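Here is a short briefing on one protein chain. Look at the fold, then work through the points below.

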Amino acid sequence: MARPSQKKERRAELIPLITAVFAARGYRRTTTAQLAAACKVQENTLYRLWPSKKAMFIAAIEHVFEVSARIWRDLIAHPGGHDESPAGRILSYEADHHGELGNYRIVFAGLSEADDPAIKHALRRMFSRFHEYLEMHVTSTDPSGANAHAWALIGLGLVASVGRELGFLSAADRRDLILSAGTRLIGGLATPGGAVVVGTNGKRK
């Protein structure tokens with residue numbers, strides 16, 4: 001019997017390292033030799049897992065969503081006794097941790113390559129998945145505005161990333177921005193400790 005392929009597991013092992021290199025150097029300035037060095041493998045190993053540098057970059061774009069979604073799912077599944085809505089838990093977490101991995105730079109690098117149909121498709125899919133996830137949880141607090149509010153939350157994250165990248169906003173400024181603007185979008189109230197509390201009917205408690 002043939003041995004099951006381990007490509008999926010190997011890709012999952014290497015993609016965080018590949019994403020970190022693309023985030024630091026951008027798409028065009030990154031070489032497959034640099035990616036291989038970061039992964040401590042030969043270039044031909046990477047080419048057995050992905051057919052091209054572009055495919056590796058697209059996988060990195062997909063990884064950006066998966067990292068956030070994994071964290072958010074855990075926050076929602078394990079509230080830890082905090083009196084917050086699912087949207088509130090996500091917002092409180094992002095106020096403290098948004099952008100700390102630098103993965104937002106993958107998005108910026110991808111936008112500069114959006115003339116490429118495959119990269120554009122990957123970005124559209126990533127943003128659509130973010131929107132779908134946020135809309136689902138924002139709906140529980142404000143059904144009437146969930147679609148627009150989900151897009152606005154994505155925009156808020158992008159603005160916070162620009163503020164970080166260009167040095168306009170300190171960590172405290174970014175936290176205040178995300179909490180103050182975000183809580184208005186989801187219909188919640190930020191407590192002095194930073195928790196976002198929303199009543200079961202979607203109104204401020």
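Helices (H or I, at least four residues) and strands (E, at least two) are DSSP runs, numbered from the N terminus. Phenylalanine 168 sits in the loop between α8 and α9. This is a predicted model, in which local features need pLDDT of at least 70 and side-chain atom pairs count only at pLDDT 80 or more, while totals for chains, interfaces and linings use all residues. Residues are numbered from 1 along each chain as its sequence is written, and side-chain values use heavy atoms, with hydrogens and water left out.

**Overall fold**

- The chain holds 9 helices and 2 strands.
- Along the sequence, the pattern reads α-α-α-α-α-α-α-α-α-β-β.
- The chain has 205 residues, and 45% of them count as buried.
- Here, buried means under 20% relative accessible area, exposed means over 50%, and partly exposed lies in between (1.4 Å probe, protein chains only).

**The largest pocket**

- A pocket is defined on a 1 Å grid over the protein atoms alone: it is an open set of points where a 1.4 Å probe fits, with protein on both sides within 12 Å along at least five of seven lines.
- The largest pocket contains about 690 Å³ of space.
- That volume is the space filled by probe spheres set on the grid points, which are joined across faces, edges and corners.
- Its lining has 32 residues, where a lining residue has an atom within 4 Å of a point.
- Which residues lie nearest the centre of the largest pocket? They are Ser68, Trp72, Glu94, His98 and Phe130.
- Helices α4 (53-77), α5 (86-97), α6 (104-111), α7 (117-138) and α8 (146-166) each supply at least two lining residues.
- By class, the lining has 21 nonpolar, 9 polar and 2 charged residues.
- For these classes, Ala, Val, Leu, Ile, Met, Phe, Trp, Tyr, Cys and Pro are nonpolar, Asp, Glu, Lys and Arg are charged, and the others, Gly among them, are polar.

**Salt bridges**

- Side chains of opposite charge can pair when their charged atoms come close.
- A salt bridge is a side-chain nitrogen of Lys or Arg within 4 Å of a carboxyl oxygen of Asp or Glu.
- The whole structure has 6 salt bridges.
- One of them joins glutamate 13 to arginine 10, at 2.9 Å from N to O.
- Both residues lie in helix α1 (residues 7-25), 3 residues apart, or about one turn of the helix.
- Arginine 10 is partly exposed, at 28% relative accessible area.
- Glutamate 66 pairs with arginine 129 in a salt bridge, with the closest N and O atoms 2.6 Å apart.
- This pair links distant parts of the chain: glutamate 66 is in helix α4 and arginine 129 is in helix α7, 63 residues apart.
- Glutamate 66 is partly exposed at 26%, and arginine 129 is partly exposed at 22%.
- Arginine 105 and glutamate 165 also meet in a salt bridge, at 3.2 Å from N to O.
- Here too, distant parts of the chain are linked: arginine 105 is in helix α6, glutamate 165 is in helix α8, and 60 residues separate them.
- Arginine 105 is partly exposed at 32%, and glutamate 165 is partly exposed at 33%.

**Surface features**

- Val162, Leu166 and Phe168 make a nonpolar surface patch of about 330 Å².
- Nonpolar patches join side chains (Val, Leu, Ile, Met, Phe, Trp, Tyr) within 5 Å, from residues with over 30% relative accessible area and no salt bridge.
- Accessible areas come from the Shrake-Rupley method with a 1.4 Å probe, and for residues only the protein chains shown count as cover.
- Is phenylalanine 168 buried or exposed? Phenylalanine 168 counts as exposed because its relative accessibility is 62%.
- Lysine 40 lies in the loop between α2 and α3 (43-49), and its relative accessible area of 76% makes lysine 40 exposed.
- Most residues other than glycine have a negative phi.
- Lysine 40 has a positive phi of about 60°, although it is not a glycine.

**Contacts across the sequence**

- Arginine 89 is in helix α5 and counts as buried, at 14% relative accessibility.
- Arginine 89 and leucine 75 are 14 residues apart in sequence, and their C-alpha atoms are 6.6 Å apart in space.
- Alanine 38 belongs to helix α2 (residues 32-39) and is partly exposed at 28%.
- From alanine 38 to leucine 17 is 21 residues in sequence and 6.4 Å in space, C-alpha to C-alpha.

How values were computed:
Patches are made of residues with over 30% relative accessible area and no salt bridge: like charges are joined within 9 Å, nonpolar side chains (Val, Leu, Ile, Met, Phe, Trp, Tyr) within 5 Å.
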